[in-house]
Amino acid sequence: MIFFDDVSKFYNHNTVALKNVTFRVRPKEFVTLVGSSGAGKTTLLKLFIREEEPSEGRIFLDGIEVTAINRKTLHHVRRRIGTVFQDYKLLPSMTAYENVAFAMEAADRYDAEIEEDVPQVLELVGLKDKTQNFPNQLSGGEKQRVAIARALVNRPDVILADEPAANLDPINTWGIIKLLQKINDLGTTVILATHDKEIINTIDKRVIVLEKGEIISDQEKGKYLV
Amino acid sequence: MSKKVTFRRVIKIGYLSFRRNGWLSTATILVMALVLFVLGNLVFLGAFANTVLNNFESKIDISVYFTGDAPEENVLQVKREVEQLADVSEVAYVSKDEALALFREKHKANALIADALEELGDNPLAASLNIRARDPSNYAAISDFLLQKNYPIVDKVNYFENQAVIDRLSSIMSTVRGSGALLALFLAFVAVLVAFNTVRLAIYTLREEIGIMRLVGATQWFIRGPFLIGGIIYGVIAAAATILIFFPLTWLATPKLTLLVQDFNLFQYFISNFAEFFAIMFLTGVALGTISSFIAIRRYLEI
């Protein structure tokens, strides 16, 4: 269970990024976070993994107050959350394989597991042939898929995906969305941030709409009508 | 997961990052090598200055002249007593005959002096003791001792004539020693700052990667580790490069320095102190690399 308890985020005292955001996400749920750019989607995800600190409010993951965890032990909760960043955040001096393997190495996984899982997950995202390429040798869409592979590989409880299809052509976009749906079917909570109307309407799952940092609608099987 | 596996991964990632950020690593090593080079030269300069100062010191002594009719055994008795003093490092006895021989040798080109000596027939020179102190500032105490004893056979002690010069030299030398050490310390401090800033800059360019590693769930030590490994590699390579450069450099500089100060052989000094030098370079290099990395990375880990 994810619980945002009256969370607000202000920049420079008067710029509001998020305002009194409260919602719950049940385990294994698929939630789409919608809003035009600047509505606060990315901020919300950043607060969840403590890349940024909320100005007010608390955030919980399965009863643990994420916003109260000491920085030194933050990695425990981060390993339970797989994040696909909008700007990919790949390590430029590591190959696609190493980028994915790093997340497993950092999470103290066994070598045998790493050697088995990394190629599998890279094949799953369709990058079997480019495992030894460095990020600057990959296209935007390919980088995005490495980022997805890295987010998946530790079998997290929650996947956060921030505009994971922004740089993909329509065919690849659907590939990614289907992949996320499949992961969700296998029991992982997914929070997907997007402003792509078509994606939202096709997924046909719960939709939370943000506008100027506030939740203006939260519907099961929502459509993006705005 | 065992500590051994984690350690192996840290080393692997550190080495990969070092190798793949080739230009950054090369630039950092170059600056570190330069810093070690400066530090090494400070050590050489210290040794050189020491030799020069010791050279000066060895030229200072005081002489005790005895009356012309002083019996040799009495003179030798004074010599023994002076030798008992803690401040005295060496006492040389010059007999009347030796003094004459030295005088003749010194003025053998001057016929007039030789003739004058022939004319005199007798040996006009006095026996003397040349006293060398452990430290130039001790001469006053030694002279005081001789004065107090008031030996009847002592004609004069030349310290009192040269007192001003000896004191002056003594104070100059202690000033050179003190300010030299201070200057060396200051230069070493600057060099260390430069090394620290270079490593800091290298880590600054990698700060985003540090943040990414944190966000995908790495512990602070798992991220810090590879950077410390990188710091060690910087230090080791820079030290090795510096030592390699010092071989031909000291060898080439030695003849020129020997012209300046005869008993200073830089290459010999380098070779005979190689173990210490090796240790200083490597320890300083590795310490600079790791400590700088450790300090520089701290703030970027706070994510």
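# Helix packing in a two-chain model

In chain B, the crossing of helix 8 over helix 11 is right-handed. A crossing has this hand if the near helix is turned clockwise from the far one by less than a right angle, and it is left-handed if the turn is anticlockwise. Helices (H or I, at least four residues) and strands (E, at least two) are DSSP runs, numbered from the N terminus. The model is predicted: local features need pLDDT of at least 70 and side-chain atom pairs count only at pLDDT 80 or more, while totals for chains, interfaces and linings use all residues. Residues are numbered from 1 along each chain as its sequence is written, and chains are lettered from A and ligands numbered from 1 in the order in which they are written.

## Helix pairs of chain B

Two packed helices are described by the angle between their axes and the distance between the axes. The axes are lines fitted to C-alpha atoms, for helices over the stretch in contact, and the angles run from 0 to 180 degrees between N-to-C directions. For helix 8 and helix 11 (residues 274-301) of chain B, the axes lie 9 Å apart and the angle is about 55 degrees. The two helices, helix 8 and helix 11 of chain B, are therefore oblique to each other. Angles under 35 degrees count as roughly parallel, over 145 as roughly antiparallel, 65 to 115 as roughly perpendicular, and the rest as oblique.

On the helix 8 side of this contact are B:Arg207, B:Ile210, B:Gly211 and B:Arg214, and on the helix 11 side are B:Ile297, B:Tyr300 and B:Leu301. By class, the contact of helix 8 with helix 11 of chain B holds 4 nonpolar, 1 polar and 2 charged residues. Ala, Val, Leu, Ile, Met, Phe, Trp, Tyr, Cys and Pro count as nonpolar, Asp, Glu, Lys and Arg as charged, and the others, Gly among them, as polar. Two residues are in contact if their C-beta atoms, placed from the backbone, lie within 7 Å.

Helix 9 (residues 220-260) of chain B and helix 1 (residues 3-20) of chain B have axes that come within 8 Å and cross at roughly 55 degrees. That angle makes helix 1 of chain B oblique to helix 9 of chain B. Residues of helix 1 in this contact include B:Val10, B:Gly14 and B:Phe18, and those of helix 9 include B:Gly225, B:Pro226 and B:Ile233. The contact of helix 1 with helix 9 of chain B has 10 nonpolar, 5 polar and no charged residues.

Helix 2 (residues 22-59) of chain B also meets helix 9 of chain B: the axes come within 8 Å and cross at roughly 40 degrees. Helix 2 and helix 9 of chain B are therefore oblique to each other, and their crossing is right-handed. Among the residues in contact are B:Met32, B:Leu36 and B:Phe37 of helix 2 and B:Ile237, B:Ala241 and B:Ile245 of helix 9 of chain B. This contact of helix 2 with helix 9 of chain B has 14 nonpolar, 4 polar and no charged residues.

## Single residues

A residue is buried if 20 or more other C-beta atoms lie within 10 Å of its own, exposed if 12 or fewer, and partly exposed in between, with C-beta atoms placed from the backbone.

| Residue | Other C-beta atoms within 10 Å | Class |
|---|---|---|
| B:Ile210 | 23 | buried |
| B:Gly225 | 19 | partly exposed |
| A:Asp6 | 12 | exposed |
| A:Lys89 | 21 | buried |

B:Ile210 belongs to helix 8 of chain B. Not counting residues up to four places away in sequence, B:Ile210 touches B:Ile223, B:Ile297, B:Tyr300 and B:Leu301. B:Gly225 belongs to helix 9 of chain B. With neighbours within four places in sequence left aside, B:Gly225 is in contact with B:Val10 and B:Gly14.

In chain A, A:Asp6 is in strand 1 (residues 2-11), and its phi is positive, near 55 degrees. A:Lys89 lies in the loop between strand 6 (81-84) and helix 3 of chain A. The phi of A:Lys89 is positive too, at about 55 degrees, although A:Lys89 is not a glycine. Most residues other than glycine have a negative phi.

## Helix 4 of chain A

The buried residues of helix 4 of chain A are A:Ile114, A:Val118, A:Val121 and A:Leu122. These buried residues pack against helix 3 (96-106) and helix 5 (140-153) of chain A. Just after helix 4 of chain A, A:Gly126 has a positive phi of about 80 degrees.

## Between the chains

How many residues does each chain bring to the contact? Chain B gives 18 residues and chain A gives 17 residues. On the side of chain B that touches chain A, helix 1, helix 8 (207-215) and helix 9 of chain B each supply at least two residues. By class, that side of chain B has 8 nonpolar, 6 polar and 4 charged residues.
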